[in-house]
2 protein chains.
Amino acid sequence: MEELSQVKQQIKSFIQDCGDRRSLELFDLLAQGKMLRSKLILKIAGINKETIELCAVVEMIHAASLLHDDVIDEADTRRGKPSINALFDNKTSIMFGDILYSKAFTQLSQMDKEVAYIVSNAVTLLSIGELADVELTNKFNNDYDKYFDMIYKKTASLIEASAKAAAILSNKDKEAYALYGRNLGLAFQMVDDILDITQDSKTLGKPAMLDFVEGKVTIPYLLLHQRLEDKNKLEKLYKKELIIEEISWIKQQMDETKALEDSIKLAQKLGLEAIESIKNNNNNEELVGIMKAMIERKF
Amino acid sequence: MEELSQVKQQIKSFIQDCGDRRSLELFDLLAQGKMLRSKLILKIAGINKETIELCAVVEMIHAASLLHDDVIDEADTRRGKPSINALFDNKTSIMFGDILYSKAFTQLSQMDKEVAYIVSNAVTLLSIGELADVELTNKFNNDYDKYFDMIYKKTASLIEASAKAAAILSNKDKEAYALYGRNLGLAFQMVDDILDITQDSKTLGKPAMLDFVEGKVTIPYLLLHQRLEDKNKLEKLYKKELIIEEISWIKQQMDETKALEDSIKLAQKLGLEAIESIKNNNNNEELVGIMKAMIERKF
């Protein structure tokens, strides 16, 4: 998409403003993402100087959060390329993240005050969500509200803020688009949680059921735990390297209790709610399409 | 000071806004600093709702930068208390830093646009300065401009921004106060660099001449290197654990070449320039006093 290269150019130009050769070098080493948030903003608000700048700000914030994530997760790769912490060290990754964050906030501070508030507040939520994600792996979490609150903050808040900010810039119904963005993020996270169980390790590019091994009690496990008579058996498998028989048992129970099926339904319900919320606005076929593609996929 | 407890209360209230129990717990574990930046802001701009909020924002930014620093330096303590990364882990320190940064930026985004720009831009400079500080320890740096640019960004930029922002809020001469803040930060860093050489390890609470061992070619070493005939001898001691004879040799050369004396003079020159810059404004006895106390101390 031509407009996405405009966003990339805008990011580069913001980084050039900083007058730091090293930052530009590091930027060139970052793996390109799919720029989901920019696509969303541009579809809602159209293409102009202001919306391209908003996209650049949001992408810089997203990139900064990934730089800090990679240090936390000790990740060697990001989107198939070596991560900055792997290429250099944690220092470089943390500080380059701080440079991207602060430059994004500097640009935000010159935009519409409501947009600036919404987007920067989403970064607070995102960081709180990251902390909560880690905290929730300390012990088996059987509290749905805690799970939901965490994925809202960690995954959905910045997508919600992007959609809401785009609606504000284009004088559309901000609450409707905020709901669309929020549910897009929530459904995206739930789909990701479900795929961790249904897909094989080859397709995932990581061991299957890694979430549970790493201590993440995601939505299918939460529903399964509620419905199992022998909860103890599931709890005993928590954070363990699973053998084939254990994997099979979990999958079988996921089927029998309909925990997996109902997790898919829950993601679909969120998606349909989002579609409902924006259907009265014009030209939203693409937004409806994005959501449908996500919730109507094969699991 | 009563007003500093108002600032602390404001910070707490901002963190309470975030609605995250864990963030409040972590905040209570942070060691209290001297709040130099707040004192400066309140001395320039007086005490009112707006200035107390600016102080809280700047202190949160400073605390966030220290949280990230402690991860980078693998520091176990901060101001005599265990650091957050030592008490918990790097994740907690990085993410709590991100929470403080983003909450500070969120509040900034609702303030005067010029103030928001200046303060958030200082965080970019600060982070670039941190990266440069690390980069400059890769090999012996004999470039004065690089040293000066690094300490400006790393140490002086946020103090400069605090003073300038305070002047804007109180309708004073922003350039004069910016210069005062900048030179206060630069002189502070140079004094710190000098004390690393002149003070014993007991007073410093760390080994003497640690800067040079850690690869930091600070202002006295830069001047010494320029003036030494046998530059090679100094370069050979770079990043080495120094024995007593080597420490004595460096100190002797610092005296003979007047590298130390001239470093002190340089810090004093910056201080006097700063005093000159604000002397035509009223009620600046305290600011003059702060600067004098710093540059007229015994070394």
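## The interface between the chains

In this predicted model, 35 residues of chain B are in contact with 35 residues of chain A. On the side of chain B that touches chain A, the elements that give two or more residues are helix H2 (21-29), H4, helix H6 (90-108) and helix H7 (113-135) of chain B. Sorted by class, this side of chain B holds 15 nonpolar, twelve polar and eight charged residues.

The two chains use matching residues for this contact: 100% of the interface residues of chain B are also interface residues in chain A, so the copies meet through the same surface.

## Symmetry of the two copies

Two copies of a chain are related by a rotation about an axis and a shift along it.

## Two domains within chain A

The domain assignment of chain A gives domain 1, covering residues 1-111, and domain 2, covering residues 112-299. Taken over C-alpha atoms, the centres of domain 1 and domain 2 of chain A are separated by 24 Å, and the contact of the two domains takes 19 residues from domain 1 and 21 residues from domain 2.

On the side of domain 1 of chain A that touches domain 2 of chain A, helix H3 (36-45), helix H4 (49-72) and helix H6 (90-108) of chain A are the elements that give two or more residues. Of these, H4(A) gives the most, with eight residues. By class, that side of domain 1 of chain A has eleven nonpolar, five polar and three charged residues.

## Packing of H4 and H8 in chain B

Two packed helices are described by the angle between their axes and the distance between the axes. In chain B, the axes of helix H4 (residues 49-72) and helix H8 (residues 144-169) come within 11 Å and cross at roughly 170°. Angles over 145 degrees count as roughly antiparallel, and H4(B) and H8(B) are therefore roughly antiparallel to each other.

From H4(B), the contact is made by B:Glu50, B:Thr51, B:Leu54, B:Val58, B:Ile61 and B:His62, while H8(B) contributes B:Leu158, B:Ser162, B:Ala165, B:Ala166 and B:Leu169. The residues of this contact of H4(B) with H8(B) divide into seven nonpolar, three polar and one charged.

Methods
Residues numbered from 1 in each chain as written. Chains lettered and ligands numbered in written order. Predicted model: local features only at pLDDT ≥ 70, side-chain atom pairs only at ≥ 80, totals over all residues. Axes fitted to C-alpha atoms, helices over the stretch in contact; angles between N-to-C directions. Helix = DSSP H or I, 4+ residues; strand = E, 2+ residues; numbered from the N terminus. Parallel < 35°, antiparallel > 145°, perpendicular 65-115°, else oblique. Contact = placed C-beta atoms within 7 Å. Nonpolar A, V, L, I, M, F, W, Y, C, P; charged D, E, K, R; others polar. Domains from an automatic or database assignment.
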